[in-house]
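Look at the structure below before reading on.

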Amino acid sequence: MIHMFWATASTVVGIMMAVAMIFVRARAAKKPASVRKIILPPLFMSTGALMFLFPMFQVSWNKVLEAVSVGIIFSVLLIKTTKFQIQNGSIYLIPSKFFILVLLVLLILRIVLKLVIGQSISFGETSGMFFLLALGMIISWRLSMLVKFKRIQKNLETKREM
């Protein structure tokens, strides 16, 4: 009964986070992008790794590798849908309707995987693995964004010098 409560609560929180991501991404597209705006979200999220101080959330190294690998694979969808454009001499993130679809698909996959994995792995380990999956996804996505942003920024600076 307690396990079902936590599984439901974490799913609801996941849905709320996905909705929040959609709004944050839409708002971010209205302001110029910056290195700081790209690298801060993974840094803030990384504080969640403190959960691994508690034995309930600790996972074996092979599960860490699995979760991070799946996160990196999932990030490919986000990397493909993330594009920038230059407007008025500044670099902006291009809003993508496909981004919302990608987030929803990832959320559904997360719920299905949680139901499947939750049958054989404890709630704490499952939580730890999904945190690692999300961290692997956001770090690889944001690193890709940073590379794209820096490339555009360099081209923009080169054009200004001419």
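Predicted model: local features only at pLDDT ≥ 70, side-chain atom pairs only at ≥ 80, totals over all residues.

Two or more lining residues come from each of helix 1 (2-28), helix 2 (35-46), helix 3, helix 4 and helix 5 (123-161). Helix 1 contributes the most to the lining, with 13 residues. By class, the lining of the largest pocket has 30 nonpolar, four polar and seven charged residues.

| Pair | Axes come within | Crossing angle |
|---|---|---|
| Helix 3 (residues 61-81) and helix 4 (residues 97-117) | 10 Å | roughly 175° |
| Helix 4 and helix 5 | 11 Å | roughly 155° |

An angle over 145 degrees counts as roughly antiparallel, so helix 4 is roughly antiparallel to helix 5.

Helix 3 meets helix 4 through Phe-74, Leu-77, Leu-78 and Thr-81, while helix 4 supplies Phe-98, Phe-99, Val-102, Leu-106, Leu-109 and Leu-113. This contact of helix 3 with helix 4 has nine nonpolar residues, one polar residue and no charged ones.

The crossing of helix 4 and helix 5 is right-handed. Here helix 4 uses Phe-99, Leu-106, Arg-110, Leu-113, Lys-114 and Ile-117, and helix 5 uses Thr-126, Phe-130, Met-137 and Trp-141. The contact of helix 4 with helix 5 has seven nonpolar, one polar and two charged residues.

Definitions and conventions:
Residues numbered from 1 in each chain as written. Heavy atoms only, no water. Axes fitted to C-alpha atoms, helices over the stretch in contact; angles between N-to-C directions. Helix = DSSP H or I, 4+ residues; strand = E, 2+ residues; numbered from the N terminus. Contact = heavy atoms within 4.5 Å. Nonpolar A, V, L, I, M, F, W, Y, C, P; charged D, E, K, R; others polar. Parallel < 35°, antiparallel > 145°, perpendicular 65-115°, else oblique. Left-handed = near helix turned anticlockwise from the far one by under 90°.
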